[in-house]
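Have a look at the model first, then read on.

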Amino acid sequence: MKKILMFAVVALMIIFLGACSGDGDETSSDNSSDNNAEATDGTEETEEAESSGETKTIRAGIGLNEDHPQYKGLLKFKEIVEEKTDGAIVVETYASGQLGDDRTMTEALQLGSQEVTIPSTAPLANFVPEYSIFDFPFLFPDEETADAVLDGEVGQKFLDMLEDQNLVGLAYWENGFRDLTNSQHEVATAADFEGLKIRTMENDLHLDAFRALGANPTPMAFTELFTAMQQGTVDGQENPVATIYLEKFYEVQDYVSNTHHVYSPFVFLMSKEFYDGLTDEQQTIVRDAALEAGKYERKLNREANEKYVEELQNEGMTYTEITPEARQEMVDIIQPVLDEYTEKIGEDLVQEVYDAIDEASK
């Protein structure tokens with residue numbers, strides 16, 4: 001009997017302990033369910049935020065510094081976009097090649113890892129060969145003619161060509177007429193180009209034109225230029241006056257000539273992937289903002305170019321005016337190069353551009 005009672009007590013203890021253990025597991029299970037519920041709620045909140053349209057960010061990079069009219073134009077674009085979208089689109093601005101050179105940033109747009117950059121047309125010729133037409137020396141007689149052509153049907157035709165490269169061209173801004181600087185001697189005639197090591201953009205037409213003039217052109221990233229001139233790797237370079245002054249090239253260059261050999265537009269580019277992800281209203285806002293900011297940038301750029309010619313002389317540079325006769329001699333020397341590239345680009349397209357220039361010049 002005692003043994004039976006003992007077995008009964010042991011059995012009751014085992015049942016009691018098992019019940020306690022079961023309460024523990026059940027409690028743990030309840031806590032796990034609560035945690036899973038919280039995690040699910042967090043995911044749902046994130047999904048709701050994404051579906052409601054979170055803020056979009058435009059990373060806009062340029063090669064020039066923050067004092068240049070191009071950067072001030074970029075700030076104007078930022079102001080317009082953020083105001084018109086009520087902050088739904090935020091524009092982050094990066095100057096001085098922080099995101100890379102023109103080609104690197106353009107490729108980043110193609111990949112969708114950057115949203116905006118504003119390169120000159122010269123490096124764009126590596127993506128769309130037809131853009132070489134804008135690097136024909138002495139193509140545009142003045143800024144007003146350039147505005148009329150670029151803002152018209154011909155200019156839009158070239159912007160449309162960018163779409164196949166996963167790029168969207170929204171507007172033309174202005175780099176301006178390019179002038180020559182060097183550290184060796186005054187350049188007043190075509191003969192003075194002989195032997196000069198000139199940094200150029202990565203553009204075949206630029207390279208061939210300078211070779212025809214007797215120079216030794218060297219393509220190089222803009223971010224490397226100042227050091228290259230300082231160390232004598234190159235003798236000089238060619239850029240609009242505003243760039244020459246604001247980048248302080250006068251510290252390593254002694255001579256500047258108003259060759260005005262190329263009128264260089266900037267092209268406001270946006271990643272097609274990013275652009276296609278905008279609403280119709282947002283697309284209109286960024287397009288209008290690029291146009292409005294571009295007009296503002298052109299105005300600032302022209303005012304700066306007039307001002308900085310005098311400032312360069314104040315800094316000790318020798319300034320040389322190129323005579324019409326000397327400029328015509330340069331045109332004659334490089335004509336075979338232009339003929340060659342006309343065949344590459346297409347005679348009909350080149351003629352269309354020249355016809356638009358003639359019409360705008362009337």
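By about what are K299 and E303 separated in helix 11? They are 4 residues apart, about one helical turn, with helices (H or I, at least four residues) taken as DSSP runs numbered from the N terminus. A word on the basis: this is a predicted model, in which local features need pLDDT of at least 70, side-chain atom pairs count only at pLDDT 80 or more, and totals for chains, interfaces and linings use all residues. Residues are numbered from 1 along each chain as its sequence is written, and side-chain values use heavy atoms, leaving out hydrogens and water.

**Salt bridges**
- The whole structure holds 15 salt bridges (a side-chain nitrogen of Lys or Arg within 4 Å of a carboxyl oxygen of Asp or Glu).
- K299 and E303 form one of them, with their closest N and O atoms 2.8 Å apart.
- K299 is exposed at 51% relative accessible area, whereas E303 is partly exposed at 42% (exposed means over 50%, buried under 20%, partly exposed in between, with a 1.4 Å probe and protein chains only).
- E202 pairs with R103 at 3.0 Å, N to O.
- Because E202 sits in the loop between strand 5 (197-200) and helix 7 (204-212) and R103 in helix 3 (residues 102-111), this pair ties together parts 99 residues apart in sequence.
- E359 bridges to K362 at 3.4 Å between the closest N and O atoms.
- Shared partners join D147, D151, E174, R298 and R302 into one salt-bridge network.

Terms used:
Helix = DSSP H or I, 4+ residues; strand = E, 2+ residues; numbered from the N terminus.
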